[in-house]
Amino acid sequence: MPPELEQSSHERLLTLLCDMPKAELHIHIEGSLEPELIFALAQRNGVSLAYPSVGALRAAYAFSDLQSFLDIYYAGASVLLHEADFYEMAMAYFRRAAADHVVHAELFFDPQTHTERGVPIEVVVNGLVRACEAAEAEFGITSLLILCFLRHLSEEAAFDTLDQALPSIEAHRDRLVGVGLDSSERGHPPEKFARVYARCRELGLRLVAHAGEEGPPAYIWSALDVLKVERIDHGVRCVEDPALVARLAAERVPLTVCPLSNVKLRVFDTLAQHNLARLLELGLCATVNSDDPAYFGGYINQNFVATFEALPALTAAHAYTLARNSFEASFASTTQKTRWMHALDAHFAQG
Ligand code: HPA
Ligand code: ZN
């Protein structure tokens, strides 16, 4: 091949990141709502927005912390009213995920953001389940759903949401497999939700929680010890506590890390300062995810590419580890995980 057509090793690494099969485990489906779709749904549903145009809305995406993002994120979600709206939102995500070689996705959704506006939980779940089924048929992506409780609301409100969700959980046992905890972290420690998580555990649901994004390592400890979660969403602040790092590594508790989100919400000032490489060096089961891709400047492959460009310590071996971790950390069956890991090995063997 003439030298000008040869890919440099750096370009080969970027191609590998984009083309390797991967799972996405930390994506808030309402955070995949692009401004264009927000405006189209607002018009269709007669919802008025505080922003006059797509450009004005996008211009407002300059966040100083988690709360400044959440205010706009909840305003964006206010256009979702009907089953078709949830279906379209999720299908738009799956289309992009398929292009990024995501073979499996576990989607968070925030029912309280919708039930508070009078949208029944069944409407939300039915739209999302229909999209999950269509995504498997159209793109070959498998998917699961995780219901998140908003931690700025009370535990009583979470119990109420769980009650409302029970018929949907019953009807879609193999799809709606778990619960999570999101929204404003500071001042809302995991233990605030101890009883509702215990109830979810009794119901056989899988458990995850956001912890250690803006909140201290103590929130990661209590997510593990009080809520008994199986994965930590974000968790990047664990490095402040060596005993916690040792525990997470020994138990292989996965961390669903979201690099572009962390920079947009000022958890790290720049991607070059992100601790992803450090988390891997420490032997932690870290994964790369997009969090709220419509708001944070990129879907999963943009997270991989931007982070590897910013952190030269990251190599093809790390790319392999991150993709493998994403399968290991998923809530799919062991058979499915093994199949994906073989496909990943084959991909790296050819590359
Ligand atoms: N953190 C907490 N809550 C959220 C987030 C996040 O990054 N995205 C959507 N809800
Ligand atoms: Zn999140």
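Tutor: We will go through the metal site, the rings, the cores and the backbone angles in turn.

Student: What should I know about the model and its numbering?

Tutor: This is a predicted model, where local features need pLDDT of at least 70, side-chain atom pairs count only at pLDDT 80 or more, and totals for chains, interfaces and linings use all residues. Residues are numbered from 1 along each chain as its sequence is written, chains are lettered from A and ligands numbered from 1 in the order in which they are written, and side-chain values use heavy atoms, with hydrogens and water left out.

Student: Which residues coordinate the zinc ion (ligand 2)?

Tutor: Start with the rule: donors are N, O and S atoms within 2.8 Å of the metal (3.2 Å for Na, K and Ca), and since water is not among the atoms, sites may look incomplete. Here His26, His28 and His210 each coordinate through NE2, and Asp291 through OD, at 2.0 to 2.2 Å. Along the sequence, the spacing of these donor residues is H-x1-H-x181-H-x80-D.

Student: How do I read the geometry of that site?

Tutor: Ideal angles at a metal are 109.5 degrees for four tetrahedral donors, and 90 or 180 degrees for six octahedral ones. Four donors count as tetrahedral if all angles lie between 85 and 135 degrees; four count as square planar and six as octahedral if opposite donors are over 155 degrees apart and all others between 65 and 115; anything else is irregular. The 4 donor atoms around the zinc ion (ligand 2) make angles of 79 to 172 degrees, and the site is irregular.

Student: Is histidine 26 buried or exposed?

Tutor: Buried means under 20% relative accessible area, exposed over 50%, and partly exposed in between (1.4 Å probe, protein chains only). Histidine 26 counts as buried because its relative accessibility is 0%. Histidine 28 is buried too, at 4%.

Student: How many aromatic pairs are there in the whole structure?

Tutor: A pair of aromatic rings is described by the distance of the centres and the angle of the planes. Rings of Phe, Tyr and Trp (its six-membered ring) pair if their centres lie within 6.5 Å; planes under 30 degrees apart count as stacked, over 60 as edge-to-face and the rest as tilted. The search finds 14. One of them joins phenylalanine 63 to phenylalanine 69, edge-to-face, with centres 5.5 Å apart and planes at 80 degrees. Both residues are buried. Ring pairs also link Tyr61, Phe63, Phe69, Tyr73, Tyr74, Tyr295 and Phe296 into a cluster.

Student: Where is tyrosine 295 found?

Tutor: Helices (H or I, at least four residues) and strands (E, at least two) are DSSP runs, numbered from the N terminus. Tyrosine 295 sits in helix H14 (residues 293-296). Its relative accessible area is 2%, so tyrosine 295 is buried.

Student: What is a core, and which residues touch the most other members of the largest one?

Tutor: In soluble globular proteins, nonpolar side chains tend to be buried together. A nonpolar core is a set of buried Ala, Val, Leu, Ile, Met, Phe, Trp, Tyr and Cys residues joined through side-chain atoms within 4.5 Å. The largest has 111 residues, and Phe94, Phe149, Tyr197 and Tyr295 touch the most other members. Helix H7 (residues 121-139) gives the most to this core, 9 residues. Another core, of 7 residues, lies apart from it and includes Phe331.

Student: Which backbone angles deserve a look?

Tutor: Histidine 234 belongs to strand E6 (residues 231-234). Histidine 234 is buried, because its relative accessibility is 0%. Arginine 266 also has a positive phi, near 65 degrees. Arginine 266 lies in the loop between helix H12 (259-264) and helix H13 (276-281). With a relative accessible area of 48%, arginine 266 is partly exposed.
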